[in-house]
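Biologist: I would like a close look at one part of this protein. Please keep it brisk.

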Amino acid sequence: MSVAYGAAADKDAIRPKRISVLIGPDGMIVKRYDTVTPTDHPDEVLTDLS
């Protein structure tokens, strides 16, 4: 799944980059979060869901 959503695009990286994606009921990406602040991210996602 990480390749399908773009989280493992860099094969030369020591670790895959961490991203969050908001996926709609149809399986399509609604929003991609490339940089997140752990304390703020849940509220950001909840806001985007409404």
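In which loop is D26 found?

Modeller: First, the ground rules. This is a predicted model, in which local features need pLDDT of at least 70 and side-chain atom pairs count only at pLDDT 80 or more, while totals for chains, interfaces and linings use all residues. Residues are numbered from 1 along each chain as its sequence is written, and side-chain values use heavy atoms, with hydrogens and water left out.

D26 is in the loop between β1 (20-23) and β2 (29-33). Strands here are DSSP runs of E, at least two residues long, and helices are runs of H or I of at least four, numbered from the N terminus. D26 counts as exposed because its relative accessibility is 60%. The cut-offs are over 50% for exposed, under 20% for buried and partly exposed in between, with a 1.4 Å probe and protein chains only.

One of its polar atoms lies 3.0 Å from the backbone nitrogen of M28. G27 takes a positive phi near 85°. This hairpin has five residues between the strands.

Now the strands themselves. β1 and β2 run antiparallel and are joined by four bridges. Two strands pair if DSSP finds at least two bridges between them.

Last, the wider setting. The protein has one helix and two strands, in the order β-β-α along the sequence. Of its 50 residues, 16% are buried.

How values were computed. Polar contact = N/O pair within 3.5 Å; in protein donor to acceptor, adjacent residues only side chain to side chain.
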